[in-house]
Amino acid sequence: MPDLRGVGKTWGFKGGYKLAEQKATTSVLYEETRVFEAPRDLAENSNVMQWMKKKGFKSEREMRAWTGQNFIAFWDEMAKTYADWFEPYAQVLNWQPPYAKWFVGGKINVAYNAVDRHAAGAKKDKVAYIFVPEPVDQPTQKITYADLAKRVNKLANGLKSLGVAKGDRVSIYMPMIPETPIAMLACAKIGAIHSVVFSGFSAGGLNSRVLDAESKVVITTDGFFRRGKPLPLKPNVDEATANTPSVKNVVVVKRAGIDVPMKAGKDVWYHELVAKQSDVCESEKMDAEDRLFILYTSGTTGKPKGIEHVHGGYCVTPAQTLSWVFDIKDSDVWWCTADVGWITGHSYVVYGPLCLGATSMIYEGSPDYPDFSRWFKIINENKVSVLYTAPTAVRMFMKAGDKWPKTHDISCLRLLGSVGEPINPEAWIWYRNNFGAGKLPIMDTWWQTETGCFLVSPLPITPLKPGSPTFPLPGFNVDILDEDANPVPPGSGGNIVSNSPWPSMLRAFFRDEVRYKKEYWSTYWDIRPGTYLAGDKATKDKDGYFTIQGRIDDVLKVAGHRISNAEVESALVSHPKVAEAAVIGKPDEVKGEVIVAFVILKTGIEATEDLKPILAKHVRTVLGPVAYPEVVYFVNDVPKTRSGKIMRRVIKAKALGNPVGDISALANPESVEAIPLIK
Ligand code: WTA
C-alpha cells in the first residue's frame, strides 16, 4: 500500500466524527471457523482467473496485494479494457485530496458504452432486459440492445424538445419498469444529470430532493402495481412539485391505467412525447469528470446528501467489478433484485450489466406475490444464472420455509450474491443450501452509495466464511483503522477506510462542499490526509477476513434501505401534536432493523394509544412507506448532551436492555431511566 501520509494540504477544517465517542475499537467475541472453498471448475474458468493467469499471478493474495499497491496502473488497464473512449485520457489520476479526477482529459459517455456500442455491433439482437410485470396475466417483455438504443434515443430527443440540456437535472420517480433505466440512459446520453428518487418515498421525500437538485423535469408514471393492485404515483409528484419553480415539465409514463389529472402546459404523456421523435440521437461527448447523476442518500442530519458521480468512473468500475465478482459471461442471465431507486440498482441493474453487454432481469413487484413461488418461477422460466439480492429477502424466504425452493427447479443458478446489510451466518448457510443447492458460492459485497461499486468482496476463487465479505477487491486499499489511524490487529475492530481513491468514488455533495469534507475526510485528516472514512465499523479475523458490524453514524438500515434517523424524526416533529422525537433501529430477524420512535408530545396533548398509529401514518405520508415506524412510544424527555444533541446511542442501549455506559455528560441523566425496555 503506498504511504499517502502528508499528501495534500490541510484546510484546517475540524469537526468529523469524534472517534472516542464512536468507540471505534471493539473486540470480536465470536470467530467464524467454517471455510467454503470455491468449486474448482468455477474458479478455474472465472474471468478473474483468466486475468491472473495472463499476468502470471500465483495466488489470489498476491494479486489482491499487487493491484492495491499499483492501483493507478491497474485502473488504467481496466479503463482501457472495459470502456470505449471518444478521446483518450492524458492522465489516469489527479489526486488533490479530497478531490480526485480520474481519466483526465478523456471524452466518454456512459450511455454510449452501455447501449450504442452493443446496438451497433454483434450484440444488437441480444436481450438487454427481460422485464417481468407484477400482474401474472401480463406477458414478460424482452428488450434487445437494438430496441433499447431506439427507445433511449427517442426519449433523449424528447427531453431535448422540452429544453433539457447538458448539466440540467432531471428527477426520476418511477417503479421497476424498463422506462426507468431508459430515462436514466436518455439523460446520460444528452449530458443531463439524473436524480432518481426511490418510489417508496412520498411527496415530502421527493419534494426535498427536487428542490435541492433544482430539477427541470420530473419523469414519473401514472401509477404502479403492488400486490396485484394498481396504485397511483403521479399525485405525489403533483404535491411534490407544487412549490418547485425549477420544474417546467412532468413526463408521465402510462403504466397502471390510472386516471390522473394532467396539467396543460406542464404535464406531458411519455408515449406522446416519444411518438414524434427520431430514434437516432448522438451521444454527447462528455468529459470523464462531467457529472452523470446525483443520488440522495441518508446521513447524520435530516437533510439528504446529494452524492455526485461522473461518467468516466461509471464506465469502468461497475462493469469491471461485476465481471470479476459475479463472473458474468455472455451466456449469463443476471438478476440484481434491487430497486433502481438505490445505488445497487444504478450500478448493477443499469450501468454495470449494460456496459458489459449482459442480459438482466427486471421484476416489477413483491417477492411473495401472488405467493412465495414467484421468484423461483422467474428464475426457472428465464434461466437466471446469477442472483444478487439482500439479506432481508433471504431471511424472508427463510421464514417462509424450505418448501418453496424445494418445489422448484432452480438448478440454472451458478452463483449467488448479497448486499446492503450484514448477512448473518445462519441466513448465509440457508441461502447457500436452498438457493445454491448446498454448493454455490455467495458473493457478499460490501459497498455504499458513495463508492459506486463493490469495495470489499469475495471473488469466485475466494475461500468463503459465512457472514464475511472477505477482503478488499483488486485495485482498492481498504483497511480497518483504530482511532490513531493504525490498522487494527487481527481479532479486533475499527473504522473501515479507503487509503486511496478509485474511479467510481463520489466526487462531491451537490452544492455542499463543507459537508463533503466533514463527513468523509476530516476524521483522519491531521494524521493522514486523503483517508476516506466509510462510516462503518468492521473487524478483521486472524486470516484478514472482514466482518461488517454496522454504521458509526445515525443511519438506519431497514430491509437494506438506508434511512436517516434525523429524517424520520423531523417527519414526526412536523406533526402538530409532536414537540420532539428520537428514532432508533431495533434489531429485527427479517428486516435487520425496524424503526422505533420515542415521541415527546406538546404540552396539553394527551398521550393516547390511538395517537400512536396516527403518528406512524404521518411519517408514511410525509416521508414514505419506506420510513414507517413500527412502534411509537411516548416519553416525557429523551437523553441529551448539554448542547442539546439527542443521544440516540444511549436511548438505544437502554431500550434494548444493554449497558448505557457513562452518562455523566448528559444534561438530563434522569431521562435515561424513563426510556422503556422494548425487547
Ligand atoms: C451497509 C448499499 C454489511 C453498510 C450498497 C454501508 C453492508 C451501507 C453491506 C451503504 C454488506 C452495504 N455487509 N453491510 N455486504 N453492503 N452495507 O449507500 O452499512 O444504501 O455503509 O449502499 O450499507 O448503504 P447504501
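What volume does the largest cavity have? About 50 Å³; more on that in point 4. Keep in mind while reading that this is a predicted model.

1. Start with strand E6, residues 169-173, which is mostly covered: five of its five residues are buried. E6 has parallel partners to look at. Four bridges tie E6 to strand E7 (residues 193-196) in the parallel sense, and Arg-169 sits opposite Ile-193 there. Another four bridges, again parallel, join E6 to strand E8 (residues 217-221); in that pairing Ser-171 has Val-218 as its bridge partner.

2. Next, the seven-stranded sheet. It is open, its pairing is mixed, and the order reads E5-E4-E17-E16-E18-E19-E20. Strand E5 (141-144) and strand E20 (442-445) are the edges, each pairing on one side only. On average, neighbouring strands in this sheet are turned by 20° against each other, direction ignored.

3. Within that sheet, strand E16 (residues 333-336) and strand E17 (residues 359-363) run parallel and share two bridges, with Val-333 opposite Thr-359 in E17. Helix H14 (residues 343-356) packs on the sheet and touches strand E4 (127-132), E16, E17, strand E18 (386-389) and strand E19 (415-419). The direction of H14 makes about 165° with that of E16.

4. Searching the whole structure turns up three cavities of 30 Å³ or more. The lining of the largest one includes Val-196, Val-197, Phe-198 and Phe-201, along with Arg-209. Leu-295, Tyr-296, Gly-341 and Trp-342 are also part of that lining.

5. Two cis peptide bonds deserve a check by eye. One runs from Pro-97 to Pro-98, with omega near 5°, and Pro-98 is in the loop between strand E1 (91-96) and strand E2 (99-104). Another runs from Tyr-369 to Pro-370, with omega near -5°; Pro-370 belongs to the loop between E17 and helix H15 (374-382).

6. Then there are positive phi angles at non-glycine positions. Phe-103 has a phi of about 60° and lies in strand E2. Is Phe-103 buried or exposed? Phe-103 counts as buried because its relative accessibility is 0%. Ala-485 has a phi of about 70° and is placed in the loop between strand E21 (478-481) and strand E22 (493-498). With 1% relative accessibility, Ala-485 counts as buried too.

7. Asn-153 is part of helix H7 (residues 145-161). Its relative accessible area is 6%, so Asn-153 is buried. Leaving out residues up to four places away in sequence, Asn-153 touches Asp-116, Lys-189, Ser-278, Asp-279, Val-280 and Cys-281.

8. Last, Lys-537 in strand E24 (residues 532-540). Why does Lys-537 count as partly exposed? Because its relative accessibility is 22%, and the buried class stops at under 20% while exposed means over 50%. In sequence, Lys-537 and Gly-494 are 43 residues apart, yet their C-alpha atoms are 5.5 Å apart in space.

Technical notes. Residues are numbered from 1 along each chain as its sequence is written. This is a predicted model: local features need pLDDT of at least 70, side-chain atom pairs count only at pLDDT 80 or more; totals for chains, interfaces and linings use all residues. Side-chain values use heavy atoms; hydrogens and water are left out. Buried means under 20% relative accessible area, exposed over 50%, partly exposed in between (1.4 Å probe, protein chains only). Two strands pair if DSSP finds at least two bridges between them. Axes are lines fitted to C-alpha atoms, for helices over the stretch in contact, and angles run from 0 to 180 degrees between N-to-C directions. Contact means heavy atoms within 4.5 Å. On a 1 Å grid over the protein atoms alone, a cavity is a set of points where a 1.4 Å probe fits but cannot get out, and a pocket is an open set with protein on both sides within 12 Å along at least five of seven lines; lining residues have an atom within 4 Å of a point. Grid points are joined across faces, edges and corners, and a volume is the space filled by probe spheres set on the points.
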